[in-house]
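Subject: Structure handover

Hello,

Here is the structure you asked to look at. Please open it first, then read the notes below.

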Amino acid sequence: MTTMLTAIDPSTGEPIREVPAAGPVEIETTLDHAESAFGDWRRTGFAERAELLRAVGAELRRGVEDYAYVMTEEMGKPITEARGEVVKAAWAAEHYAEHGERYLAADVVESDATSSYVQYLPLGPVLGVLPWNAPFWLAFRFCAPALMAGNTAVMKHDPHVPGCAAAIAGAFRAVGAPDGVFASLPVATPDVAGVIRDRRIRAVSFTGSDRAGAAVASVAASEIKPAVLELGGSDPSIVLADADIEAAAETLALSRIINAGQSCIAAKRIIVERSVHDEFVEALRSRLAALRMGDPRHDDTQVGPIARADLRDALHRQVTETVTAGATCLLGGSVPDVPGFYYPPTLLTGVRPGMAACAEETFGPVAAVMTAVDAEHAVDLANATQYGLAASVWTETARGEAMARELEAGQVSVNGIVKTDPRLPSGGIKRSGYGRELGRAGIHEFVNAQQVWVGPKRD
């Protein structure tokens with residue numbers, strides 16, 4: 001019996017699309033084409049690779065409305081955010097087209113050789129296992145550097161966004177990408193391990209939960225294949241007494257509700273110095289209360305639905321358990337009696353270590369505020385988590401930069417929103433994963449750093 005991948009409109013709860021999962025024949029054909037294409041693609045010049053990425057970027061920009069709509073339809077991202085994500089995906093392709101050759105330039109290293117250097121060569125077909133929450137951006141964060149390095153890319157997208165996966169593959173077809181250079185492989189989750197183990201897959205990029213990441217990493221390690229993992233987060237944002245309170249509240253409210261809070265790098269634990277706690281909480285509450293929740297297809301919607309019913313239920317459980325444990329709910333905190341999987345912007349105060357909203361990753365528009373005695377205490381609270389993806393600090397600039405060294409996180413923003421940028425490396429530590437994506441570091445993850453020694457030996 002064929003497994004079906006079903007997309008459900010989270011604004012209504014109704015199924016909108018069913019796609020058959022790839023069976024053995026499609027898996028074999030896709031991997032065979034990826035391996036065959038690699039033989040030619042690895043020998044192309046950077047200019048040819050850049051031409052393809054620029055063409056795909058232009059196609060995304062041309063069709064932004066259509067690409068954005070399928071994202072909104074399948075996972076509920078507000079249409080204004082969806083348009084921005086498509087454009088950001090195009091930027092990733094264009095960035096590596098522009099800078100990939102420089103990022104991969106050989107490094108000359110002096111030795112006893114007449115000449116010695118390190119050159120960066122492609123590995124082969126790379127598998128990207130992707131989540132639903134940023135379907136276009138995460139696809140291009142994975143494939144743009146991989147393709148520019150001379151690898152071929154096989155995308156296994158989340159089963160709940162089959163239309164997005166098809167649209168991304170369609171963008172490559174629309175610009176005449178060589179067969180097998182980029183492919184979407186819609187396998188069911190139980191079949192992923194077999195694809196990772198296949199001899200033709202040389203490396204794996206995974207974005208998702210720490211639980212699923214551990215499973216992917218164990219399979220890849222057992223086959224001695226490199227992997228990059230970008231996993232969950234319980235990202236702290238520290239607001240100290242000398243911060244610009246209004247700016248911090250404005251930015252952290254935005255960070256908490258982008259994509260209805262369904263972002264690994266959203267501000268999740270907001271740690272506020274006691275002397276400014278009440279002032280900050282009121283500034284944050286007023287901003288969250290003013291947000292418009294509604295149909296993600298409407299341009300004036302600021303908070304759309306949670307992507308799935310089970311995710312909404314899990315989020316509500318976290319809120320309920322946190323309040324039961326002693327926290328105060330100042331805003332939201334209840335499931336609205338409307339169709340779809342909506343959850344309102346929610347503000348919890350009096351959150352302490354060990355409570356669900358602090359100990360677990362909250363994937364939704366729930367802001368958990370904690371109180372710190374001073375800056376040192378704030379750092380201790382920030383680091384008291386199994387995760388280490390991103391963090392932000394709101395204070396005087398030099399003080400914030402010094403504090404960044406004390407924070408256990410892969411990226412830190414001082415007086416600004418935490419975000420991903422094609423120019424800068426992104427990734428986590430601890431249970432938030434390992435390896436880096438984006439920037440120069442990202443394109444170096446899936447290459448062979450080959451040392452070349454050219455004689456004769458020098459005295």
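Start with the largest cavity. It is lined by 14 residues, and Arg-141, Phe-142, Pro-145, Gly-442 and Phe-446 lie nearest its centre. A cavity here is a set of points, on a 1 Å grid over the protein atoms alone, where a 1.4 Å probe fits but cannot get out. Lining residues have an atom within 4 Å of a point.

Before going on, two notes on the source. This is a predicted model, in which local features need pLDDT of at least 70, side-chain atom pairs count only at pLDDT 80 or more, and totals for chains, interfaces and linings use all residues. Residues are numbered from 1 along each chain as its sequence is written, and side-chain values use heavy atoms, with hydrogens and water left out.

**Cavities**

The largest cavity holds about 100 Å³ of space. Volume means the space filled by probe spheres set on the grid points, which are joined across faces, edges and corners. H5 and helix H15 (439-443) each supply at least two residues of this lining. The largest share, four residues, comes from H5. Helices (H or I, at least four residues) and strands (E, at least two) are DSSP runs, numbered from the N terminus. By class, the lining of the largest cavity has seven nonpolar, three polar and four charged residues. Nonpolar covers Ala, Val, Leu, Ile, Met, Phe, Trp, Tyr, Cys and Pro; charged covers Asp, Glu, Lys and Arg; polar covers the others, Gly among them.

How many cavities of 30 Å³ or more does the structure hold? There are three. The second largest cavity has about 60 Å³ of space. It is lined by 15 residues, and Pro-236, Ala-382, Thr-385, Tyr-387 and Glu-408 are the closest to its centre. Helix H13 (375-383), strand E15 (387-388) and strand E16 (390-394) each give at least two residues to that lining. Its residues divide into eight nonpolar, four polar and three charged.

**The largest pocket**

A pocket is an open set of points with protein on both sides within 12 Å along at least five of seven lines. The largest pocket contains about 1000 Å³ of space. Its lining has 35 residues, and Trp-132, Gly-208, Ser-209, Arg-211 and Ala-212 lie nearest the centre. Helix H7 (192-197), strand E8 (203-207), helix H8 (210-222) and helix H11 (309-324) are the elements that give two or more residues to it. The lining splits into 19 nonpolar, eight polar and eight charged residues.

**Helix packing**

Two packed helices are described by the angle between their axes and the distance between the axes. Axes are lines fitted to C-alpha atoms, for helices over the stretch in contact, and angles run from 0 to 180 degrees between N-to-C directions.

Take H5 (residues 135-148) and H6 (residues 162-174). They pack at about 40°, with axes 10 Å apart. H5 and H6 are therefore oblique to each other. Angles under 35 degrees count as roughly parallel, over 145 as roughly antiparallel, 65 to 115 as roughly perpendicular and the rest as oblique. On the H5 side, the contact (heavy atoms within 4.5 Å) includes Pro-135, Phe-136 and Phe-140; on the H6 side it includes Ala-167 and Phe-172. The contact residues of H5 with H6 are 10 nonpolar, no polar and no charged.

Now H4 (residues 79-103) and H5. The angle is about 10°, and the axes are 8 Å apart. H4 and H5 are therefore roughly parallel. Among the contact residues are Ala-89 and Tyr-96 of H4, and Trp-137 and Met-148 of H5. This contact has 13 nonpolar, one polar and three charged residues.

**Backbone details**

The peptide bond from Gly-455 to Pro-456 is cis, with omega near 5°. Pro-456 lies in the segment after strand E20 (447-454).

Best wishes
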